[in-house]
Amino acid sequence: MQSIAARPRSSSKGGTPIVAIVDDDPAVCGSLKFSLELEGFGVRAYGGAAELLDAGDLTACDCFVIDQRMPAMTGMELIAKLRNLKVQAPAILLISHPNPALSARAAIAGVPVVEKPLFSNTLVDKIREACAGN
């Protein structure tokens, strides 16, 4: 049973925080959705940038978890697009092949980076931090 302290705080909009996962790998989307729901988050999963952007009410999301390597639009490009659309919810970038240039770009943009494969609670901790500050 999950302790009350481990449960995510309510979003600033009231209710359970909503996390949007954007990853072109259906297995990753499915496993992250399952894991984050067990942690008490509301989760929306999208198979790519276009699917997220076409979904509509992006301001309902409290945090975005976005894969860097996707076809058509990278994770950093999607985050820039969200900011251009005035979507200010925090984003977390998932990367499987880290490099100093990408890490520096993410740091300048204020976007935390979490490396795949996901072995520890790093992603959940980053999401909790993002939702608490949102």
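Which helices each supply at least two residues of the lining of the largest pocket? In this predicted model, the answer is helix H1 (26–38) and helix H5 (122–133). Helices (H or I, at least four residues) and strands (E, at least two) are DSSP runs, numbered from the N terminus. Residues are numbered from 1 along each chain as its sequence is written, and side-chain values use heavy atoms, with hydrogens and water left out. Local features need pLDDT of at least 70 and side-chain atom pairs count only at pLDDT 80 or more, whereas totals for chains, interfaces and linings use all residues.

The chain has five helices and five strands, and from the N terminus on these elements run β-α-β-α-β-α-β-α-β-α. Of the 134 residues, 38% count as buried, where buried means under 20% relative accessible area, exposed over 50%, and partly exposed in between (1.4 Å probe, protein chains only). The accessible surface of the chain comes to about 7,100 Å², of which 56% belongs to carbon and sulfur atoms; such areas come from the Shrake-Rupley method with a 1.4 Å probe, and for residues only the protein chains shown count as cover. Among contacts with a separation of 6 or more, 64% are accounted for by residues 24 or more positions apart, a contact being heavy atoms within 4.5 Å.

The largest pocket has a volume of about 190 Å³. A pocket is an open set of points on a 1 Å grid over the protein atoms alone, where a 1.4 Å probe fits, with protein on both sides within 12 Å along at least five of seven lines; lining residues have an atom within 4 Å of a point. Grid points are joined across faces, edges and corners, and the volume is the space filled by probe spheres set on the points. H1 gives the most to this lining, with five residues. The residues that line the pocket include Val28, Ser31, Leu32, Glu39, Lys116, Asn121 and Val124. By class, the lining has six nonpolar, four polar and two charged residues. Here Ala, Val, Leu, Ile, Met, Phe, Trp, Tyr, Cys and Pro count as nonpolar, Asp, Glu, Lys and Arg as charged, and the others, Gly among them, as polar.

The largest nonpolar core holds 22 residues, of which Leu52, Phe64, Ile66, Leu78, Leu82 and Leu93 touch the most other members. Such a core is a set of buried Ala, Val, Leu, Ile, Met, Phe, Trp, Tyr and Cys residues joined through side-chain atoms within 4.5 Å. Two or more residues of this core come from each of strand E1 (18–22), helix H2 (49–54), strand E3 (63–67), helix H3 (75–84), strand E4 (91–95) and helix H4 (100–109). H3 provides the largest share of this core, four residues. A second, separate core of 18 residues includes Val19, Cys29, Cys63 and Ile127.

Helix H3 also contains Arg83, which is partly exposed, with a relative accessible area of 25%. Neighbours within four places in sequence aside, Arg83 is in contact with Gln88, Ala89, Pro90 and Ala91.

Most residues other than glycine have a negative phi.
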